[in-house]
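Me: I want to learn how to read the strands, cores and ligand site of a model. Where do we begin?

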Amino acid sequence: MTKPTTVLITGGAGFIGSHTCVELLGHGYEVVVVDDYSNSSPRALDEVQKLAGRPLTAYQADLRDRGALDAVFAAHPIDAVIHFAAKKAVGESMRIPLDYFDINIGGTTSLLRTMRAHGVHKLVFSSSCTVYGSSDATLLGEDEPTAPTSPYARSKWVCEQLLADTCDRYSEFSAVSLRYFNPVGAHPSGRIGEDPRGVPNNVMPYMTQVAVGRLERLSVFGSDYPTPDGTAIRDYIHVVDVADGHRLAAERLDDAPGLRVFNLGTGVGASVLELVEAFSQACGKTLPYELTDRRPGDAIRAVADASKVAREWGWQPKYDLAAMCRDAWRFQTLNPAGYDRAAGPTNDSARTAQEV
Ligand code: UFG
């Protein structure tokens with residue numbers, strides 16, 4: 001395997017992107033970020049650089065802006081790309097499906113075209129367990145038939161097909177699609193974490209904001225599922241493990257041509273009520289919640305068969321649910337209002353693409 005030297009991270013200021021930046025900087029890579037900050041803050045990149053003790057270069061741009069993207073590729077000797085930038089909320093995607101197709105699929109197409117134009121052929125793609133849909137399987141392996149049930153999931157599924165077709169047509173291309181389950185938690189330092197704009201769609205940031213009093217109580221979506229306590233089951237995985245998985249995937253891109261798919265999960269499921277209990281333990285107070293209707297598009301259960309990545313790459317997650325809750329809570333405690341939204345992009349961490 002050849003280690004890439006300069007890695008472009010799209011969506012690098014976001015939740016998983018920022019943790020992956022820390023991971024790559026810590027392993028000696030040069031990191032270039034493209035992010036439009038539509039659901040992230042450039043402040044996260046300030047914290048990333050302080051944590052890693054090394055600089056990165058960041059550009060504010062929408063991936064669908066081919067001119068902006070082209071300028072970024074022209075300015076850096078990019079060896080590989082890790083592609084996170086996308087919209088990612090199941091419920092929201094049911095309301096605004098065309099935005100999901102436009103941003104997620106359009107952004108990926110634009111990125112692939114620009115990569116081709118600049119002779120960059122290695123990509124790690126941020127996919128999702130939601131491509132499996134509402135399967136009855138106890139553990140979801142990579143061979144499980146895909147059956148996406150929401151526009152968000154379908155957008156990820158389509159992007160995987162785009163990658164497969166691109167790899168088929170251009171034999172120099174190699175791609176790894178990481179289907180991760182539910183990334184939660186935060187960097188153990190508490191300096192970076194999940195800070196979505198507006199009311200959180202995902203359960204963990206919602207819980208942390210309830211715990212600091214920014215929100216009143218958690219709505220548990222659905223208590224009549226055919227599960228032991230009636231609430232939906234997910235495979236929560238620590239974001240630092242997910243970031244580490246991306247670093248390894250980038251290093252394994254040369255192992256084989258074409259598109260390869262790997263799950264990133266723990267193989268351990270937790271219901272929403274079990275998560276509430278674990279989080280209550282971590283924050284030292286009982287989290288207020290109410291049982292409400294199911295959320296359209298939600299799967300009953302999504303737990304990984306995580307054996308392929310262990311077998312082929314010798315990779316395993318290190319953190320358990322208690323650590324995920326502890327670290328998410330630490331980030332929220334240290335940043336009760338999240339990253340400072342009042343301030344605009346800072347000079348040292350964010351330049352507009354036009355300034356290239
Ligand atoms: N949930 C609630 N209340 C909430 C939010 C969520 O009960 O306020 C429940 C959901 O119904 C689901 C579970 O908590 O049963 C997890 O929901 P999330 O919204 O946190 O995550 P999803 O399983 O919907 O997964 C989505 C994407 C994944 C992504 C994940 C984390 O499909 O690709 O969010 O970002 F990894």
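Reply: With strands: they are DSSP E runs of at least two residues, numbered from the N terminus. Two strands pair if DSSP finds at least two bridges between them. This is a predicted model, where local features need pLDDT of at least 70, side-chain atom pairs count only at pLDDT 80 or more, and totals for chains, interfaces and linings use all residues. Residues are numbered from 1 along each chain as its sequence is written, and side-chain values use heavy atoms, leaving out hydrogens and water.

Me: In which sense do β1 and β2 pair, and over how many bridges?

Reply: β1 and strand β2 (residues 30-35) are parallel, with five bridges. I9 stands opposite V33 in β2. Strand β1 (residues 6-10) also runs parallel to β4, joined by four bridges. There, L8 has V81 as its bridge partner.

Me: What lies beyond β4?

Reply: β4 is joined to strand β5 (residues 122-128) by three bridges, again in parallel. H83 stands opposite F125 in β5.

Me: How do I read the two faces of a strand?

Reply: In a regular strand the side chains alternate between the two faces of the sheet. Check each face for burial: buried means under 20% relative accessible area, exposed over 50%, partly exposed in between (1.4 Å probe, protein chains only). In β1, T6, L8 and T10 sit on one side, V7 and I9 on the other, and all are buried. In β4 (residues 80-83), A80 and I82 point one way, V81 and H83 the other, and all are buried.

Me: Which residues touch the most other members of the largest nonpolar core?

Reply: A nonpolar core is a set of buried Ala, Val, Leu, Ile, Met, Phe, Trp, Tyr and Cys residues joined through side-chain atoms within 4.5 Å. The largest has 42 residues; C21, V31, L45, L56, L178, L264 and W313 touch the most other members. Domain 1 (6-184 + 237-263) and domain 2 (203-234 + 267-353) each give this core at least three residues, with bounds from an automatic or database domain assignment. Another core, of 24 residues, lies apart from it and includes Y59 and C159.

Me: How do I read the ligand site?

Reply: Start with the shell, meaning residues with a heavy atom within 4 Å. Here 21 residues surround the ligand, S128, T130, S219, R234 and D298 being the closest. β8 (218-221) gives the most, with four residues. Next come polar contacts, pairs of N or O atoms within 3.5 Å. A backbone N or O atom of S219 lies 2.7 Å from a ligand nitrogen atom. A polar side-chain atom of R295 lies 2.9 Å from a ligand oxygen atom.

Conventions: Polar contact = N/O pair within 3.5 Å; in protein donor to acceptor, adjacent residues only side chain to side chain.
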